[in-house]
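Hello,

The model we talked about is below. My notes on its strands and one of its residues follow.

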Amino acid sequence: MSDSRDAPSPGETPGAGGAAPGAPLLEIADLRVTFATGDGVARAVDGVDLAVQAGETVGLVGESGCGKSVTALAMLRLVEHPGHIAHGSRVRFEGRDLLALADRDIRAVRGNHLALIFQEPATALNPVLTVGSQIAEVIRTHQHGSRTEAKRHAVEMLRTVGIPDAEQRADSYAHQLSGGMRQRVLIAIALACRPHLVIADEPTTALDVTIQAEILELLDGLQRQMGMAVLLITHNLGLVAERTRRVYVMYAGQIVEEAGTEALFAAPLHPYTQGLMAAVPRLDQLRERLAAIPGQVPPATAWPGGCRFHPRCPFAWDRCRSEMPPLLDAGEGRKARCWLVEDEAHRGTDAPAHRGTDAPAHRNQHGEGGGAQ
């Protein structure tokens, strides 16, 4: 894929490998991605800040069209024309700014130390190469083994992700596999070199619930063995509740809430997060209709002024329509892009039905239980 980004500033050089002690494994600062369209400039990602520590699982959630997948592509410099990563964006991984690396150096990172599980296997897999050869190509590129060793490793990876008759399937083409098998092949490609961080963009979309659990257990197992971190991009709040330690909520190209998973599910702060929670079916509540957030995500070419959620927010007042809130510190490691953090009185009494959710007990990546969500 092409690499659409601004050149680094004169004199700027990539950092040396290896993050400083205590520094995040991945740290994104002021990430901005735009697309030139016939309707104007689409600000798909607009000032995103995000961090992932070594060994942890972090969730990134939001509706379709919020910019989650573009954020993932930008981390690996896979944004294609007419997309553009703005100068001033920073993506630091293991102490190096990936946006300042030479093309050769970023290729050595992709698929090796930092991998992406794509959500669309039908377009991500090469239709004219066998799936085994596609896995083996990643292994040979980064580990420089023989063709025989790479093929053996590729077959083993197919077994690891639960594909039966792995030796035979390795010689199959993508169109000969079911949607679920193709998704598992993508996961095998991403995990083949045992990366330090996996960006999992809807990694279980095409899988039935039993295989979903197996794949997620596989990711958990690799974390325990290697200290691998996972950035889980999903709209499935159940996966977030069960699998993550911290959560970023994204809306209209921006992070609108950041919190520990248990705190977020117990008491979401942003009205958008509250709306997402209210839309989750509940076994302990009888409702004729599920709650829904009115309206839809606006187009990235026409984000509303002020708070971008204000046209859909039940609490919006004049300040929301005229001033964009920053990510405000709400205490205890929580942040929310909402003026209600400073002025709770405007929330009033007509709050959405959901204030928190009694989700299944939270289990972090170390298998420790937590309280009700």
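Strands here, numbered from the N terminus, are DSSP runs of E with at least two residues, and two strands count as paired if DSSP finds at least two bridges between them.

Please keep in mind that this is a predicted model, in which local features need pLDDT of at least 70, side-chain atom pairs count only at pLDDT 80 or more, and totals for chains, interfaces and linings use all residues. Residues are numbered from 1 along each chain as its sequence is written, and side-chain values use heavy atoms, with hydrogens and water left out.

Back to β5 and β6: they form a hairpin with two residues between them. In that turn, E94 has a positive phi of about 50°. F93 has R96 in β6 as its bridge partner.

Strand β5 itself covers residues 90-93. V91 and F93 make up its covered face, while R90 and R92 are on the uncovered one.

β5 is also joined to strand β1 (residues 26-37), by four bridges, with the two running antiparallel. Across this pairing, A29 stands opposite R90 in β5.

V33 takes part in both arrangements: V33 stands opposite V45 in β2 and opposite I85 in β4.

The other item is I117, which lies in strand β7 (residues 114-117). Is I117 buried or exposed? I117 is buried, because its relative accessible area is 0%; buried means under 20% relative accessible area, exposed over 50%, and partly exposed in between, using a 1.4 Å probe and protein chains only.

Which residues does I117 touch, not counting residues up to four places away in sequence? They are Q183, I187, A190, V198, I199, A200, D201 and P203, where contact means heavy atoms within 4.5 Å. I117 and L186 are 69 residues apart in sequence, yet 6.1 Å apart in space, C-alpha to C-alpha.

Regards
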